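Reader: Hey, I've got a structure to go through and I'm new to this. Can we chat about it step by step?

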Amino acid sequence: TLTATPAEGWEFSKWSTGATSPTTTVKMDGNKSIKAIFTQKMYTLTVNTEGQGTVSPTGGSYPSGTVVTLKATPASGWKLASWSTGETTSTITVKMDGNKTIKATFVKEAATLYTLTVNIEGNGAVNPNGGKYEKGTVVTLTATPAEGWNFTKWSTGGTSRTTKVTMDGDKTITAFFTEKQKYQLTVNITGQGTV
């Protein structure tokens, strides 16, 4: 009676006689040669993600004992929070000693805010008049002169009443207004009458 016992990570497949039971009997009525065939176990790796990002490789079937390296790549504006294993590094290894399910959790990065300060020289208004904006935001400013005033220019050199500011840092911009020029009109009368 022969009994086949697989090593860890392997499983008994069959005997060379075709028998598939781990235990078989051999009648010794002559010299005999028999082979036990073992195959390596295969395990499934399932990879899930939460949030925006990718993991490479995305999973698959691996022979028992294989060490798989997983790499997490967050999408723009996101970061890796953690793996379901508790690790927080972008790359981890998983030993395939059974079917495994691994999840990478991505979270949105905190927005970087920059301050836009708007100053006015003269008499007029700017809309919007400043505030805090996320990094990369393009803010369109519009200058409106008060009655009797003209818009002259922005501190950036632009002379159009509207200008665009890209918030890649804290910014200060000034709108310059000048008073309209006043001319004196003198009326003279020749003869008798009024004007």
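Reader: Let's start with Lys153. Which ring does the charged end of Lys153 sit over?
Author: The ring of Phe176, with the charged end 5.6 Å from the ring's centre. A charge sits over a ring if NZ of Lys or CZ of Arg is within 6 Å of the ring centre and within 35 degrees of the ring normal.

Reader: Before we go on, what kind of model is this?
Author: This is a predicted model, where local features need pLDDT of at least 70 and side-chain atom pairs count only at pLDDT 80 or more, while totals for chains, interfaces and linings use all residues. Residues are numbered from 1 along each chain as its sequence is written, and side-chain values use heavy atoms, with hydrogens and water left out.

Reader: Ok, back to rings. How many aromatic pairs are there?
Author: The count comes to 4 aromatic pairs. Rings of Phe, Tyr and Trp (its six-membered ring) pair if their centres lie within 6.5 Å; planes under 30 degrees apart count as stacked, over 60 as edge-to-face and the rest as tilted. Take Phe151 and Trp154: the ring centres are 5.3 Å apart and the planes are at 55°, so this pair is tilted.

Reader: Are those two buried or exposed?
Author: Phe151 is buried, at a relative accessible area of 13%. Trp154 is buried too, with 1% relative accessibility. For the cut-offs, buried means under 20% relative accessible area, exposed over 50%, and partly exposed in between (1.4 Å probe, protein chains only).

Reader: And what about Phe151 and Phe177, how are their planes set?
Author: Their planes are at 70° and their centres 5.7 Å apart, so that pair is edge-to-face. Phe151 is in strand β16 (residues 149-154) and Phe177 in strand β18 (residues 171-179), so to speak of sequence, the two are 26 residues apart and link distant parts of the chain. Strands (E, at least two residues) and helices (H or I, at least four) are DSSP runs, numbered from the N terminus. Both Phe151 and Phe177 are buried.

Reader: Which residues form an aromatic cluster?
Author: Phe12, Trp15 and Phe38 form one.

Reader: New topic: salt bridges. How many does the structure hold?
Author: There are 4 of them. A salt bridge is a side-chain nitrogen of Lys or Arg within 4 Å of a carboxyl oxygen of Asp or Glu. In one of them Lys103 meets Glu50, with the closest N and O atoms 2.9 Å apart.

Reader: Why does the Lys103 and Glu50 pair tie together parts that are apart in sequence?
Author: Because Lys103 lies in strand β11 and Glu50 in strand β5 (residues 42-50), the pair ties together parts that are 53 residues apart in sequence. Lys103 is partly exposed at 31% relative accessibility, and Glu50 is partly exposed at 39%.

Reader: Which other salt bridges can you show me?
Author: Lys100 pairs with Asp97, the closest N and O atoms being 3.0 Å apart. Lys100 has a relative accessible area of 25%, which is partly exposed, and Asp97 is partly exposed at 47%. Lys171 and Asp168 also meet in a salt bridge, at 3.0 Å from N to O.

Reader: How do β5 and β11 pair?
Author: In the parallel sense, over 6 bridges. Two strands pair if DSSP finds at least two bridges between them. Within this pairing, Asn48 stands opposite Lys103 in β11. Strand β9 (residues 78-83) also pairs with β11, in the antiparallel sense over 5 bridges, and Trp78 has Lys108 in β11 as its bridge partner.

Reader: What is Thr105 in contact with?
Author: Leaving aside neighbours within four places in sequence, Thr105 is in contact with Glu50, Lys79, Leu80, Ala81 and Ser82. Contact means heavy atoms within 4.5 Å. Thr105 is in strand β11 (residues 100-108) and is buried, with a relative accessible area of 17%.

Reader: What order do the strands have in the open sheet of 3?
Author: The order is β6-β8-β10, with antiparallel pairing. β6 (53-56) and β10 (91-95) stand at the edges with a single partner strand each, so one side of each is left without a neighbour in the sheet. Between β6 and strand β8 (residues 67-74) there are 4 bridges, and Gly53 stands opposite Pro74 in β8.

Reader: Last one: where are the cis peptide bonds?
Author: One runs from Ser56 to Pro57, with omega near -5°, and Pro57 is in the loop between β6 and β7 (59-63). Another joins Asn127 and Pro128, with omega about -10°.
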